[in-house]
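Okay, thanks everyone. I've got one model to show you today, so let me put it up on the screen.

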Amino acid sequence: MVASIASLSSIGGISPSDATAASGSPSGTKFGDLLTRGLDSVSTMENSADALTANFAAGGNVQIYDVMAATSKANLSMTIVNEIRNKALESYQSIVNIQI
């Protein structure tokens, strides 16, 4: 199954229109707010995956494919957050090493 770009862009809870709004317009969302919303979304996905896993392990009425889908989605979101962190750290180190 191939996921569409539109569905992938909403994984972190931030849509492309949010990024456009953060481009400096007075009515736009601040970057920190976007970052907070994205991290909250990742946290929500992880909590949901944990709850489904616990419910499945306890013998609840949860299908294994729902558990696997939620776990994969949370894992992908965390991987994206980790890569964003790595790029931000790399950028910071590049800026610090600029010689004046």
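I'll go through confidence, then a helix pair, then a salt bridge.

So, this is a predicted model, and the mean pLDDT of the chain is 81, with 73% of the residues at 70 or more.

Now the helix pair. H3 runs over residues 31-57 and H4 over residues 64-96, and they pack at about 150 degrees with axes 9 Å apart. Anything over 145 counts as roughly antiparallel, so that's what H3 is to H4. The crossing of H3 past H4 is left-handed.

Who's touching whom? From H3 you've got, among others, Leu39, Val42, Met45, Leu52 and Phe56, and they come up against an H4 group including Ile64, Val67, Ala70, Met78 and Val81. Glu46 on H3, and Asp66 and Lys73 on H4, are in that contact too. Sorted by class, the contact has 12 nonpolar residues, three polar and three charged.

The side chains of lysine 87 and glutamate 90 make it, at 4.0 Å from N to O. Both residues are in H4, three residues apart, which is about one turn of the helix.

Definitions and conventions:
Residues numbered from 1 in each chain as written. Predicted model: local features only at pLDDT ≥ 70, side-chain atom pairs only at ≥ 80, totals over all residues. Heavy atoms only, no water. Axes fitted to C-alpha atoms, helices over the stretch in contact; angles between N-to-C directions. Helix = DSSP H or I, 4+ residues; strand = E, 2+ residues; numbered from the N terminus. Parallel < 35°, antiparallel > 145°, perpendicular 65-115°, else oblique. Left-handed = near helix turned anticlockwise from the far one by under 90°. Contact = heavy atoms within 4.5 Å. Nonpolar A, V, L, I, M, F, W, Y, C, P; charged D, E, K, R; others polar. pLDDT = per-residue confidence, 0-100.
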